[in-house]
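Dear colleague,

I am passing this structure on to you, and I would be grateful if you could look it over alongside the notes below.

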Amino acid sequence: MTTTGTNRYPAPDIAALFAEPGPGSAYRYDWALFADWCAALDTAPLPADPVALARFLDAHPARRTTQRRRVAAINWVHTAGGHSPPGSSRAIRDILSTRARRRDQRSELARGVMSGLPTTGWPGGLFGRRDALLLVLSCTVDLTPTAVGRLQRSDLTYDGNTVLIGAGHDRPLHPIPEDPRGCPVAVYLRWARLQAFFDRYPSNRALARSLTEARPVTDDSVVSYRTLPALREDRDGPLLPSFDQWGHLAAPRRDSRGLSGKSVAAIVTAHLAGTAASRRARSMHLDNWGSVVEEVDAELHAAKPDSVGDDDYVELTAEELAARYDAGIAHKHTDAQNLRDLTDTFDDIDRKTDDILRRTEELLAQMSDPTTD
């Protein structure tokens, strides 16, 4: 007998069930998770009450397929042990069906929001393309905000038809050619091609030029499902990096992080609630150069990787010089923003210095006053 708190119940001997060939090996982890949760709450896992199972599912949110597998595992152990499966009750089926309906509703709402997000203009096109992918990953794929923020560019692969989300998620995105605005594959490609363009021209001026000249996506647009250029290892980084309100995008680094889970949740919630801030178009002084983002992948496919040694002379074009200049300006802007945070510190030092001087003067005045003992 095994005693747990004030309740006494025979310890379920299910080791033999998991050792036998069959579904037991696939259900081992899910049953262990449920049994540990029951032990922590001083509740018998076998037989389990349907209400306890409902509380377990609520305490461990996951995708619908994961929740169904957990219920199947718990039902399987109960049936093998001669007990009535708690997951067969109508209440549990209603819980799973309700959550599925809510996810479908979120996905449908997100598709409506995506159709109104800008894909062109500066910086609206930048925010619009990024936020559309946020909505796909959060509402269509149903990833948690933290998981969305942790995705790296290399975690997503595209074979010309399907986008596979790796990093332990193993979730595919399938194309919907008849819906160019909300097609999840098209949404991903619009953002990935923007990042590929920034790899080639790390300049906000070039990025703004490309987004300004890009063709807006409409219901009649024909989506290009051409594959992306190979991602160089040194260009890997967060799939969804953060940038300020002016659209300054940090250069990608392998060890840098993307948006925080809190930021992802706030952005998605604002869009679904219709309270997201609109981005006012900004005009920039642009030279007559740069490529449209939708067409840059063709140029990148044709380009060969540079193989220039440290001692070789490199002749830069006017475009490359301008790109490097803008990259330096962007870094200086970031440094200036960081220095602004020191203003409060210096003000506090000035106040403390003035206070010390005041008290010193008062002390000297008292020492020089003959009436003072």
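This is a predicted model: local features need pLDDT of at least 70, side-chain atom pairs count only at pLDDT 80 or more; totals for chains, interfaces and linings use all residues.

Residues are numbered from 1 along each chain as its sequence is written, and side-chain values use heavy atoms, with hydrogens and water left out.

The protein chain has 13 helices and five strands, these being DSSP runs numbered from the N terminus (helices are H or I, at least four residues; strands are E, at least two). Of its 373 residues, 38% are buried, where buried means under 20% relative accessible area with a 1.4 Å probe, protein chains only.

Helix α10, residues 261-273, spans 18 Å from its first C-alpha to its last, close to the 18 Å expected at 1.5 Å a residue, that expectation being 1.5 Å times one less than the number of residues. Its buried residues are Val264, Ile267, Val268, Ala270, His271 and Leu272, and the helix is followed by Gly274, whose phi is positive, near 75°.

Leu143 lies in the loop between α6 (124-140) and α7 (145-150), and it counts as buried because its relative accessibility is 5%. Beyond its neighbours within four places in sequence, Leu143 is in contact (heavy atoms within 4.5 Å) with Leu137, Ser138, Val148, Leu151, Ile165 and His169. The C-alpha atoms of Leu143 and His169 are 8.5 Å apart, although 26 residues separate the two along the chain.

Key
Buried means under 20% relative accessible area, exposed over 50%, partly exposed in between (1.4 Å probe, protein chains only).
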